[in-house]
Amino acid sequence: MSDAGRTYRFLGTWRAGRSNWRLQVMSVFSLAVAFVCLASALLVVTNLATVRDRWSRAGRATIYLRDDASSADIQALVRALESTEGVKKARFVSREDARAEVVDIGGDTELAALPADAFPNSLEVAFESSIDDAGIGVMALKLRALPSVDTVETYQRWTERLSALLRGGVTASVFLALVVFAAVVSVVASTMRLLLERRRLEVEVLRLVGATSRFVCRPFIVEGAIQGASGAGAAIVLLGVLYLLVTARVGGELASLLGVQPSFLPWKMMTMMVSVGAILGATTAWLSLRNAVRL
């Protein structure tokens, strides 16, 4: 078969595929619904990892003081902390300042009605980046032994909770990935079989004029790859629009609450999703048609 003949027959099969655009649009839409679930899980995992890393590198602690701690004891503790190696800054937060900060951040009327005595005096301590979590933990143990100190919060528990949430998110993402792969295989395989049945006469004509089975299946494989990549791309676009709508309304509040600015999926992850969709679509199309055209 000449190159011109191969090109003509390939284009003929391709044009026939384009005539079934409604079926292919429905296929892409079904794949997009599956991929948007996976992309949403990956978005949550990505931001959870960012928050976890931020809190693990917070390098700060809050020392809550006893009610009977005198001003002299508090000033002595502040001077001792500021002279300690690895401590960047120590700041005293009075009851009144603590109440004002909580009311300003939360805006809760019930909290605003509480008296200043309901809030403890505290010290906000910032550490140098050279001090790791273990060093902060050792220092917290020493501080808890002081008579003027009630308790010390190093925020390590928040990091552990976020790590647990992150592990759960990764597990959910793996499960969703398996569901998405199953959906892609099912949708693309069904679509390719329907397209083959609709173009059965054309395929038979191509076989009669000498076209090989591999040549006949090539347009279907290309269509499967396009469907998989289009479904993943449409899911990313849809999720991006939802992300912009949400961050436009509550992005500032989330940044203040979590200490980090919410971020969208990185480019490498989006590229990987589209690539996986294309590869999975092409592979599924080839496997589903292999027996039908006797490869």
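The model is predicted. Six residues form a nonpolar patch on the surface: V170, V174, L178, F181, M272 and V276. T62 in strand β1 has a side-chain polar contact with E124. The aromatic pair count comes to 1.

**Nonpolar patch**
- Together, V170, V174, L178, F181, M272 and V276 have about 500 Å² of accessible area.
- Helices α7 (156–198) and α10 (267–290) each supply at least two residues of the patch.
- The most comes from α7, which gives 4 residues.
- V276 is found in helix α10 and is partly exposed, because its relative accessible area is 32%, a value between the limits of 20% and 50%.

- T62 belongs to strand β1, which covers residues 60–65.
- With a relative accessibility of 2%, T62 counts as buried, since the cut-off is under 20%.
- The polar contact joins the side chains of T62 and E124 at 3.2 Å.
- Leaving aside neighbours within four places in sequence, T62 is in contact with S122, L123, E124, T151, V152, E153 and Y155.

**Aromatic pair**
- There is 1 aromatic pair by the rule used.
- The ring centres of Y243 and F264 are 5.2 Å apart and their planes stand at 50 degrees, so this pair is tilted.
- Y243 lies in helix α9 (residues 213–258) and F264 in the loop between α9 and α10, so the pair ties together parts 21 residues apart in sequence.
- Y243 is buried, at 17% relative accessible area, whereas F264 is partly exposed, at 21%.

How values were computed
Residues are numbered from 1 along each chain as its sequence is written. This is a predicted model: local features need pLDDT of at least 70, side-chain atom pairs count only at pLDDT 80 or more; totals for chains, interfaces and linings use all residues. Side-chain values use heavy atoms; hydrogens and water are left out. Patches are made of residues with over 30% relative accessible area and no salt bridge: like charges are joined within 9 Å, nonpolar side chains (Val, Leu, Ile, Met, Phe, Trp, Tyr) within 5 Å. Accessible areas come from the Shrake-Rupley method with a 1.4 Å probe; for residues, only the protein chains shown count as cover. A salt bridge is a side-chain nitrogen of Lys or Arg within 4 Å of a carboxyl oxygen of Asp or Glu. Buried means under 20% relative accessible area, exposed over 50%, partly exposed in between (1.4 Å probe, protein chains only). A polar contact is a pair of N or O atoms within 3.5 Å; within protein, one must be able to donate a hydrogen and the other to accept it, and residues adjacent in sequence count only if both atoms are side-chain atoms. Contact means heavy atoms within 4.5 Å. Rings of Phe, Tyr and Trp (its six-membered ring) pair if their centres lie within 6.5 Å; planes under 30 degrees apart count as stacked, over 60 as edge-to-face and the rest as tilted.
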